[in-house]
Amino acid sequence: MTTTTPAESTGDGAGTPEQDHFSQVYHLIMAAWGSQAVRAIASLSVAEHLDSGPLSAQDIALRESSDPAMTYRVLRAGAALGLLTHDTEQGTFSPTPMLAVLHEDSPVSLKHYAQAAIGPAFWLPAVLLPEAVAAGSPQAVQALGSTVFEYFGKNPEEARAFGAAMTDLSTPVIREAAAVIDVGTATTVLDVGGAHGVFVSELVHRNPRLTGSVLELAHVAEAVAVEARERGLEGRITGIAGDFFESVPTADIYLLKHVLHDWDDTACHAILSNIRDAMPPGARLFVVEMLIGEGGASSGAALMDMAMLFATTGQERDLSQFDALLAAAGLCRTRAVALRSPYCLIEAEVR
Ligand SMILES: C[S@@+](CC[C@H](N)C(=O)[O-])C[C@H]1O[C@@H](n2cnc3c(N)ncnc32)[C@H](O)[C@@H]1O
């Protein structure tokens, strides 16, 4: 049996330092094609199809109504990336443990994230990253004809995929965050810009006295009830269609995850001020964001910052920048808890 092993050398590897550097930079560049191959493998549901055992490209193409020859080439690339093994004698592909992450039933799935994070809404503006740097402004309008969130409003399929992608990306860190939030005597929690509501769902699931809601743009808010039903939380979580720049409903606990990084300081001030105005006495705000490290950028946050640079007016920030945003809105940080790198939970209350 001949099996293609993951991460094969391109033949340009070991040698002089110059050759090694050439190889390293070459792989950085080729990662763009690799990430699109991962996206295709997720879209073809390869992980789910291989549940029943090894399959040929032809088998998968038949199930997915895709082109057999092209499906084969994508699967071969998946083997080169370490997601699959390829039995060239049998002509079949089998999963490696890594492929499980692209399975929709995995407790730590990135299937939807693979499809949406490098889908048109981000991939098209990403091409204009050098132009963004030259102009000092994001390029979503140039690439998509509107801002990213307006684009999702006009493209419901992509909006659904993005919401599901946020659930994928958020799930592991949200479990950690919810574990360190003591809800005390609170009975209501509001997830501001909470997408399909993964954060509030986790908190409500852990705390039977809580009921939750998600303030979202109208086209996203519809998905909240569906998600709540799937999680067995029907009736305990509701979607509220609204705009966090207009007003924010009252609650005992506010959640704000991966929202501030989408916006510049002026917009963050508006969001945080609306939250502060709505907070009853004793209410608390929990912000979860990636932190740009003290002694330089952690790589996860620095790369996410690129998406903010080309697609939004926002940026990843360090703790002192979050403190300044909170203070300007009449809030103060009472706690910061490091979560899985590079995430941090910031707790705040009215000053
Ligand atoms: C990066 S996502 C974060 C989603 C979720 N909090 C999470 O971390 O998984 C930002 C969310 O803000 C929502 N959003 C954008 N503009 C909004 C607005 N003006 N009012 C309410 N929600 C908004 C988007 O629809 C999107 O779901």
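Author: **The ligand and its surroundings**

Around the ligand there are 17 residues, and the closest are Ser170, Gly193, Glu216, Asp243 and Lys257, where a residue counts as near if one of its heavy atoms lies within 4 Å of the molecule. This is a predicted model, in which local features need pLDDT of at least 70 and side-chain atom pairs count only at pLDDT 80 or more, while totals for chains, interfaces and linings use all residues. Residues are numbered from 1 along each chain as its sequence is written, and side-chain values use heavy atoms, with hydrogens and water left out.

Sorted by class, the shell around the ligand has 8 nonpolar, 5 polar and 4 charged residues; here Ala, Val, Leu, Ile, Met, Phe, Trp, Tyr, Cys and Pro count as nonpolar, Asp, Glu, Lys and Arg as charged, and the others, Gly among them, as polar. An N or O atom in the side chain of glutamate 216 is 2.6 Å from an oxygen atom of the ligand, and one in the side chain of aspartate 243 is 2.8 Å from a nitrogen atom of the ligand. At lysine 257 it is a polar backbone atom that is 2.7 Å from a nitrogen atom of the ligand. Taken alone, the ligand exposes 590 Å², of which the protein buries 95%, with accessible areas from the Shrake-Rupley method with a 1.4 Å probe.

Turning to the rings, the structure holds 10 aromatic pairs, that is, rings of Phe, Tyr and Trp (its six-membered ring) with centres within 6.5 Å, called stacked if the planes are under 30 degrees apart, edge-to-face if over 60 and tilted for the rest. Among them, phenylalanine 22 and tyrosine 26 form a stacked pair, 6.5 Å centre to centre with 5° between the planes. Both lie in helix α1 (residues 17–43), 4 residues apart, about one turn of the helix, a helix being a DSSP run (H or I) of at least four residues. Phenylalanine 22 counts as exposed because its relative accessibility is 55%, whereas tyrosine 26, at 32%, counts as partly exposed (exposed is over 50%, buried under 20%, partly exposed in between).

Phenylalanine 122 and phenylalanine 152 form a tilted pair, 6.3 Å centre to centre with 55° between the planes. This pair links distant parts of the chain, since phenylalanine 122 is in helix α6 (residues 120–127) and phenylalanine 152 in helix α9 (residues 148–154), 30 residues apart. Phenylalanine 122 is buried, with a relative accessible area of 12%, and phenylalanine 152 is buried at 4%. Ring pairs also link Phe122, Tyr151, Phe152 and Phe162 into a cluster.

Definitions and conventions: Helix = DSSP H or I, 4+ residues; strand = E, 2+ residues; numbered from the N terminus. Buried < 20%, exposed > 50% of the residue type's maximum accessible area, 1.4 Å probe, protein only. Polar contact = N/O pair within 3.5 Å; in protein donor to acceptor, adjacent residues only side chain to side chain.
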